[in-house]
Amino acid sequence: MTDVPFCKFHGFGNDYIVIEERLLGPNTELPDLAMAICHRHTGAGADGIAVLRQTDDSDADYFCEIVNPDGSIAGFSGNGTRCAAAYLYRQNRWLAPHLSFETRSGIKKFNLLGSNDNNSFSFTAEIGRPAFESESIPVRTDSPVESVIDMPIDLGGQVFKISAVNVGNPVACIFVEDLELDWRNYGRELETHQAFPERANIVFVRVLDRSNIELRIWERAAGETAASGTCSSGAAVLSAFTGRTERNVYVHSPGGKTRVAWRDDDVIELTGDAEFVYCGTWPG
């Protein structure tokens, strides 16, 4: 089997291992590779892998596949694709200031804002438009609805009001007055609740003011994460959609602060950093 060169990056503590598909062996199974290399104790440790393949598509420069630590395929990752973009610039595989990725949830456009000693990279990314319809998220409801807002879900007598959106991945938010609750266990249960046929990212949101929100994140297939681009985007969009904030907010999570702008043309713009950790070789 072929040894696999990789580089590890993180976006506000949300870490991804970036691999070029051309460097993989012919019989490499991405789910198996992801489960092995992402393991926190026996692997390199990561919240997922981002696998890059250069394309001939006129709309995209690279295809970026995101694979979760449990081997499942993700539609998209805001931090994962940002880490992949940082890899291309750091390795001098891409030099232009603009970069487009094809993903399973559409084209994502990145604009390089700057780099610090080729180790830290800042980007603004256009990640698409939110989908609010129950069937698009997806969320099981008695009949299709145009938006899922404050839908009650009972967990053993504890009722949570869920608001949901798809921003490349399904994101379900619970708005709370404070974050001193057992959000990890609730997040674990809600992720796989029957209301979410494809599982969901579970985000607990505390609104600080009209321009700032704070999150705790239970990420689908990864568990607790310090940050998440899609979860930040989903929480920001739902905060604005429900009238709690403006459409341009700073999202605070344990890993750091991300800016999310839900533009008037309905496109979500995500601004954040990706930092280099190290490169290595995974033994085949």
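**Bonds, rings and burial in a predicted model**

Me: What makes C7 and C279 a disulfide?
Reply: Their sulfur atoms are 1.9 Å apart. The cut-off for a pair of cysteine sulfur atoms is within 2.5 Å, so C7 and C279 form a disulfide. The structure holds 1 disulfide. This is a predicted model, in which local features need pLDDT of at least 70 and side-chain atom pairs pLDDT 80 or more, while totals for chains, interfaces and linings use all residues. Residues are numbered from 1 along each chain as its sequence is written, and side-chain values use heavy atoms, with hydrogens and water left out.

Me: Why is the disulfide of C7 and C279 called right-handed?
Reply: The torsion about its S-S bond is about 90 degrees, so the disulfide is right-handed. The pair links distant parts of the chain. C7 is in strand β1 and C279 in strand β17, 272 residues apart. Strands here are DSSP runs of E with at least two residues, helices are runs of H or I with at least four, and both are numbered from the N terminus.

Me: Is C7 buried or exposed, and how do you know?
Reply: C7 has a relative accessible area of 3%. Buried means under 20%, exposed over 50%, and partly exposed in between (1.4 Å probe, protein chains only). C7 is therefore buried. C279, at 38% relative accessibility, counts as partly exposed.

Me: How do you know that the span of helix α4 agrees with its 13 residues?
Reply: The expected span is 1.5 Å times one less than the number of residues. For α4 (residues 229-241) that should be 18 Å, and the end C-alpha atoms are 18 Å apart.

Me: What makes α4 largely enclosed by the rest of the structure?
Reply: Of its 13 residues, 12 are buried, so α4 is largely enclosed. Among them are C231, V237 and L238. After α4 comes G243, with a positive phi near 80 degrees.

Me: How do you know on which side of α3 the buried residues lie?
Reply: The buried residues of α3 (residues 183-191) are W183, G187, L190 and E191. They cover an arc of only 100 degrees around the axis, so they lie on the same side of α3. That arc is taken from the directions between the helix axis and the C-beta atoms. These residues pack against strands including β10 (158-166) and β12 (201-209). Contact means heavy atoms within 4.5 Å.

Me: How many aromatic pairs does a search of the whole structure find?
Reply: The search finds 10 aromatic pairs. Rings of Phe, Tyr and Trp (its six-membered ring) pair if their centres lie within 6.5 Å; planes under 30 degrees apart are stacked, over 60 edge-to-face, and the rest tilted. F9 and F276 have ring centres 5.5 Å apart and planes at 65 degrees, so this pair is edge-to-face. F9 lies in β1 and F276 in β17, so the pair ties together parts that are 267 residues apart in sequence.

Me: Why is the pair of F160 and F204 called edge-to-face?
Reply: Their planes are at 75 degrees, so the pair is edge-to-face, with ring centres 6.4 Å apart. F160 lies in β10 and F204 in β12, so the pair ties together parts that are 44 residues apart in sequence. F160 and F204 are buried.

Me: What makes the charged end of K108 sit over the ring of F76?
Reply: The test asks for NZ of Lys or CZ of Arg within 6 Å of the ring centre and within 35 degrees of the ring normal. The charged end of K108 sits over the ring of F76, 4.5 Å from its centre. The charged end of R247 sits over the ring of W262, 3.9 Å from its centre.

Me: Why does N92 count as exposed?
Reply: N92 has 58% relative accessibility, so it counts as exposed. Its phi is positive, near 60 degrees, in a residue other than glycine. D117 is not a glycine and has a positive phi of about 55 degrees. At 65% relative accessibility, D117 counts as exposed.
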